[in-house]
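Here are my notes on the ligand site and the salt bridges. Please read them with the model open.

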Amino acid sequence: MRHPILPVLLCLAVGGFVGCKGGGSMSSEGVEAGRWGDLDGDRVQRFTLRNGNGMEVDLCDYGAMVTSVRVPDRNGISVDVVLGFDSIEEYPQKSQYFGCTVGRVGNRIAGGSFELDGETYSLAVNNGPNHLHGGERGFDKHIWTATQILTSRGAGIRFTRVSPAGEEGYPGTLEAEAIYILTENDELVIEMSATTDAATPCNIVHHTYWNLGGHGSGTVLDETLLIDADRYTPVDATLIPTGELAFVDGTPLDFRAGKSIGSDFGAFPPNGDDPGGFDHNLCLNGEVGTIREVARLSDPTTGIVMTISTDQPGIQFYTGNFLNGMTGKGGAVYEKNGALCLETQAFPDSIHQRGELGWSDVVLKPGTSYGHVMVHRFTTD
Ligand code: BGC
């Protein structure tokens, strides 16, 4: 049974909070929450964050995901720059990790197994010969517990879930959190964190498909992208890094000066089952653990600009190569390369490169905590 989002503003009992006037006014700031539908008999909720500048973000507790980001373009017209679906049922059906929180380990683990403290752990092999995005039922396919929060930066939602020891083959009970905050500075802040009771790899990743021309507006090949990365991780035919940290100089992956995504697109043509396009991890400049601006994306038609700041070592630049003309929100068609993902992360397959120079340790131990910050800032030019 499906229900439209309830026009109920769930007001936070916090002084100074704006937008709790009731009536679901679309212009007021704050948080709106309601039931979206049911999945396997479980209730799924949707939330809308609004700020005072006309920016709106829709979130959902299934997959702790983003389903829409509406931002004013250079003419003040609201544009939804995120791919997604009208009904919650379509997310598991059309599963390509739309908007979700991916875990316990985002990206690939070679051969679907790893050794830790003398034990060998076997994971689902769900992407060619490898493990991808946490397995058959990763964090993206669970309903998280949602709480509305009010921080000094703005209103938001905190999603939490406990991933039991053994889930998808991973050791340790992992307590995970994904917080989304919309600021008055037009930032969508995402903070992912986790703790564990036994050593486990952990690399939680956010997977929104962006098209700053508007979802369903065609390919992103005319968008301009800058990525502040001197190096990337070359991969084998199954997208597992070779271990080398190669310089981008003279390669199509040199985005340091900013360039149109389409300009070097021909360097990655389709080949058999490989749809071609960008699907690469770049090694971000700057100090890991320090939040710094690492990417800037802009659309020539809407003038919408999105910058990403993060504390992570890498970013997966993926041009929606497996989008296949599926129908999205409002009947929009999501053609191949109709969006891109900019997934900040630890480098793919880091668990097999432990101790190597330039690779961060993705093993989370009891008594320590995993943290990952992403700030998406929207402006126009
Ligand atoms: C990966 C792609 C994969 C896609 C699935 C991306 O993060 O890099 O290889 O096909 O997720 O949606």
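1. The side chains of Arg 35 and Asp 38 meet in a salt bridge, 2.9 Å from N to O. A salt bridge here is a side-chain nitrogen of Lys or Arg within 4 Å of a carboxyl oxygen of Asp or Glu. Arg 35 is partly exposed, at 24% relative accessible area. Asp 38 is buried, at 16%. Buried means under 20% relative accessible area, exposed over 50%, and partly exposed in between (1.4 Å probe, protein chains only).

2. Basis of the notes. This is a predicted model, where local features need pLDDT of at least 70, side-chain atom pairs count only at pLDDT 80 or more, and totals for chains, interfaces and linings use all residues. Residues are numbered from 1 along each chain as its sequence is written, and side-chain values use heavy atoms, with hydrogens and water left out.

3. Other salt bridges. The structure holds 18 of them. One joins Glu 56 to Arg 50, with the closest N and O atoms 2.9 Å apart. Glu 56 is buried at 11%, and Arg 50 is buried at 6%. Another links Glu 177 and Arg 158, at 3.3 Å between the closest N and O atoms.

4. Which side chains approach ligand oxygens? An N or O atom in the Arg 108 side chain is 2.7 Å from one. A polar side-chain atom of Glu 343 also lies 2.7 Å from a ligand oxygen. For His 207, the distance from a polar side-chain atom to a ligand oxygen is 3.0 Å.

Methods:
Polar contact = N/O pair within 3.5 Å; in protein donor to acceptor, adjacent residues only side chain to side chain.
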